[in-house]
Amino acid sequence: MRETAVVAFAQTRHSAVDEGRSEAELILPPLEEVRAATGLRRFGFTCSGSCDYLAGAPFSFVSALDALGAWPPISESHVEMDAAWALYEAWVRLQHGDVDSALVYGFGKSSLGDLREIMTLQLDPYYLAPLGLDQVSFAALQASATGAERAELDEIVRRSRADGRANPYALDLPDPSGQDAEVAPLRPYDIAPITDGAAAVVLAAGDLARELCERPAWITGIAHRIEPHYLGMRDLARSVSAADAARAAGAGKGDVDVAELHVQFSHEEPILREALGLGEGTRVNPSGGPLAANPVMATGLIRIGEAAARVMDGTANRVLGHATSGPCLQHNLVTVMEA
Amino acid sequence: MPSSADPPAPLRARHVLEFPGGYTRTTGPVIGRFLTEMRDGRLVGVRTAAGRTLVPPLEYDPDTGDAVTEEFVEVGPSGTVESWAWVSTPRKGHPLDRPFAWALIRLDGADTSLVHAVDAGDVRAMRPGLRVRPRWRAERTGHITDIESFVPEVTRIVSEVRTEYTVTPGLALRRFLEGIAEGVLIGCRCGTCHKVYVPYRSSCPECGVSITEEVVVPDTGTITTFAVNNLPDPRAPEVPFVSAYIQLDGTDIPMIALVGGIAAHEVRQGMRVRAVWVPEEERTMSMANIRWFAPTGEPDVEL
Amino acid sequence: MSNPCAVIGVGQTRYTTKRRDVSLAGLVREAALRALQDAGLTWKDIDAVVIGKAPDLFEGVMMPEAYLADALGAAGKPMMRVHTAGSVGGSTALVGASLIQGGVHDRVLVVAFEKQSESNATWALSTHLPFSASLVVGAGGYFAPHIREYIRRSGAPEHIGHLVAVKDRRNALKNPYAHLRIPGIDREMVESTPMLWEPIRYLDTCPSSDGACAMVLAAQDRLTGSTPAWVLGAATRSEPIFRAGRDTVNPQGGKDCAADVYRQAGIVDPRREIDVAEVYVPFSWYEPMWLENLGFAAEGEGWKLTESGATALDGDIPWNASGGVLSSNPIGASGLIRFAEAALQVRGMAGEHQVDGARRALGHAYGGGAQFFAMWMVGSDKP
């Protein structure tokens, strides 16, 4: 495996409402930031993640190309997934050895439509989607299966929101309160907020990484795994694919100082902690995590970026960035990075 | 006896033969078994000595006259339509009161076909090999009509998918549309490559840097290339219509817009055109303010 | 350095207007199982799955890798979904190959598909957000002006497009998977069809098809099946659609992408050194235009090459022996079909549309406003 590291990370100041920027306008500042941080204008490979249904039109990723200054023509690709998978594709490309740098970005405006209902469209189109099973409902099915304690979930939300308030890029949300259920056992505050935002990451290999960054976050393991889709055909109380991905990425080979987890519903944190084998000593989501800012399609990339940033700023030595896709933690990606 | 509702004409009378309450037909053991199973919501056939499964069961092998065995087997419930006849106007007494198909149906496991009705909805739904299943009546008595009709197996579902969004144009496009509302075309100049783009945009596609310098561009330009469209479009007044790449004077990139005020086949590459705006009082914040671009009459530009 | 990657299995479905008899899972499984069978493998032998398709709006199923994971034997494995507009079929193959070349996996299944009859391709392609400054027209309306400019620059005579329309459909008659089967097609028939967007007539355009295509890719020490096709070069290029001075007739992105692939494969003279090319030609005139863009003919001369018959099945540089996009177009799969057909040619497995002795073949895909390009070269000899 070729030495590859995250050498730069930037994100928007995420917003809870549509601030009137197009997706291309949203991604431009983070792109400018990582280009300035690395001094690179051209990259060996570029890859992005976004979702047409979020944007309300097909080919929505095309306009984002304008923010790149793709001239002369660039080697570039796109996944219709969270940009964490675009980072994975870029990491794979760097393994070939002929290019040394990659630009990765992701963006999404959840404010445009009804995210809960849009996510229904990802479900089995014969047996699940026609039921109108919305995202909060299927998350609630998993929450119910885990049987997590209300006090534990409240503390996860309280901690995440407090950390989010301390994070200039995340939303300022008040301490959780209120007892009404959204879809029991989930309460409204157990659910990540609707957020618009974007993020960019630069990966570099070997010597170039050392040139571009004082303390690169070296990727010592990266892997993803997917599970069967239908909710009744897997154990919703556990995340087998997160555990498999963590094993394949070598997460358990040492202590994890900081783990940024793609937790969109509070009950997902205990499931992931267990699946990823995180101990008491691991600080989870110091950024506040998705419960403090959830720019869908960039959220997973931001977990990797935030975890990497803890290495780059010297506050951690070994970190884990996690991303998820599909209903009820069906598909999980784990990145392990070290100083 | 003549009905009092129909006064008879001279030497013409209405006459009915009807055994009140209907005939009582005993079934014997084989038909009786079939109908008993039907009353229970099941279809069965009977085995002949030669090994064929007859549906509906008879007491005898139709080919030889020999008695059938006593072995009954469950068949179906699904079957395959072998042939059919479509009834557009059902008669009283037909199984259904809406258009339907008479069909010969080979139930799964049977060696002979059952005659019954298929409620397919539309004759176009009937096709060779169509798979069907019985629609059982809720109240059954042991009668061939305990099956109201057969219906095609499900081969598709219709899924309504509708996602609703509240969209905004983005900062740059909003600025451009503000200009359009005033009858002005706002472009921009990239500070790095100095190219002039219209409509106004936030970043230069070539340089990837933010653009801040606005440039008002004239509404005259040159057609660089165009399409003559023969398929109707709601935004175009008629067919054929021309959609053209128009490079406005002083800009470095064409816009795509309608060309009007000239027959489609007279449009030329290099032709000079000017925007035809809708009257001020009809203007909104949209490109509909420009009805189309029409020829200015100036000589063509050499491309 | 990058590891060699081989194509050891290819599977396709019979392309047709509507596949009424299968679910979405059924459609992709059909192609995937054929590819696995060709490679002599089962689901268990695959390490990773990569799927690609055009916008999810076509089927109304968002991010379908979630629903299709277990259908493609991917439970417990990594799975990706690529989306690069019309070039997606090609990009999907390249993402799959990248996993092998990067030494990350040994056997990858790539599948691209579209079941566009579940809605309507014209509708799906013409949805757009409100607040557009430019007039947005359908695919043919978008490309017709660039064809017009090509004709102006090159002086090509009017009938050139029709020659391609006939050639590709005649080739399709030799491809059991092809959608359009028009025996007796000739220039007169094409010229008698309605003019849609000048100069594009009805039979100058591609059909709308349902279908899926799959390939099994393998590392050099994990070969199975009969004959491998080796990836000799692979590249993607993208360029902005609205750049001042952009050449839409002969896009730089296409030229650069081809140059990169040729360099990797050691090709200096594509016309002479490539035996057969499967090129994304959705409107007939794109053959002469791409002949120039891909360096098979000098600028302005592409139409002469087409007119000479050189690109026919019995010519010296057959293009689209399979019938091409003009004969079958499940949008998300079309790019992968080009890459797969190129592989079939150098494996000697293209059946009736085999080009004799083909040892090097080009697969090409493009998408968007002719701004996304994905290409690969495959050959019978290991690099």
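1. A residue counts as buried here if 20 or more other C-beta atoms lie within 10 Å of its own. By that cut-off, 68% of the 383 residues of chain C are buried. The model is predicted. Its scores are ipTM 0.96 and pTM 0.90. For chain C the mean pLDDT is 95, and 100% of the residues reach 70 or more.

2. Overall form of chain C. The chain has 13 helices and 11 strands. Its radius of gyration is 19 Å, close to the 21 Å that the globule rule gives for 383 residues, so chain C is as compact as a globular protein of that length. The C-alpha trace spans about 55 × 45 × 45 Å along its principal axes. Take the contacts in chain C between residues at least 6 apart in sequence: 79% of them join residues at least 24 apart.

3. Helix H6 of chain C. This helix covers residues 160-172, 13 residues in total. From first C-alpha to last, H6(C) reaches 19 Å, close to the 18 Å expected at 1.5 Å a residue. Of its 13 residues, 12 are buried, so H6(C) is largely enclosed by the rest of the structure.

4. Backbone points to check. Most residues other than glycine have a negative phi, and most peptide bonds are trans. The next two points list departures from that pattern.

5. Cis peptide bonds. The bond from A:Ala184 to A:Pro185 is cis, with omega near 5 degrees. A:Pro185 sits in the loop between helix H6 (150-165) and strand E5 (196-205) of chain A. Chain B has a cis bond from B:Val239 to B:Pro240, with omega near 0 degrees. B:Pro240 belongs to the loop between strands E12 (220-229) and E13 (241-248) of chain B.

6. Positive phi. A:Leu329 has phi near 55 degrees, a positive value in a residue other than glycine. The residue is in the loop between strands E9 (318-325) and E10 (331-338) of chain A. Is A:Leu329 buried or exposed? With 27 other C-beta atoms within 10 Å, A:Leu329 is buried. C:Ala85 is not a glycine either, and its phi is positive at about 60 degrees. Its loop runs between strand E3 (79-82) and helix H3 (88-101) of chain C. C:Ala85 counts as buried because 24 other C-beta atoms lie within 10 Å.

7. Interface of chains A and B. Here 24 residues of chain A are in contact with 23 residues of chain B. On the chain A side, the elements giving two or more residues are helix H1 (23-38) and helix H4 (115-118). H1(A) gives the most, with 3 residues. By type, the chain A side divides into 13 nonpolar, 5 polar and 6 charged residues.

Definitions and conventions. Residues are numbered from 1 along each chain as its sequence is written. Chains are lettered from A and ligands numbered from 1 in the order in which they are written. This is a predicted model: local features need pLDDT of at least 70, side-chain atom pairs count only at pLDDT 80 or more; totals for chains, interfaces and linings use all residues. Helices (H or I, at least four residues) and strands (E, at least two) are DSSP runs, numbered from the N terminus. The expected span of a helix is 1.5 Å times one less than its number of residues. The radius of gyration is taken over C-alpha atoms; the globule rule is 2.2 Å times the number of residues to the power 0.38. Two residues are in contact if their C-beta atoms, placed from the backbone, lie within 7 Å. pLDDT is the predictor's confidence in each residue, from 0 to 100. Ala, Val, Leu, Ile, Met, Phe, Trp, Tyr, Cys and Pro count as nonpolar, Asp, Glu, Lys and Arg as charged, and the others, Gly among them, as polar.
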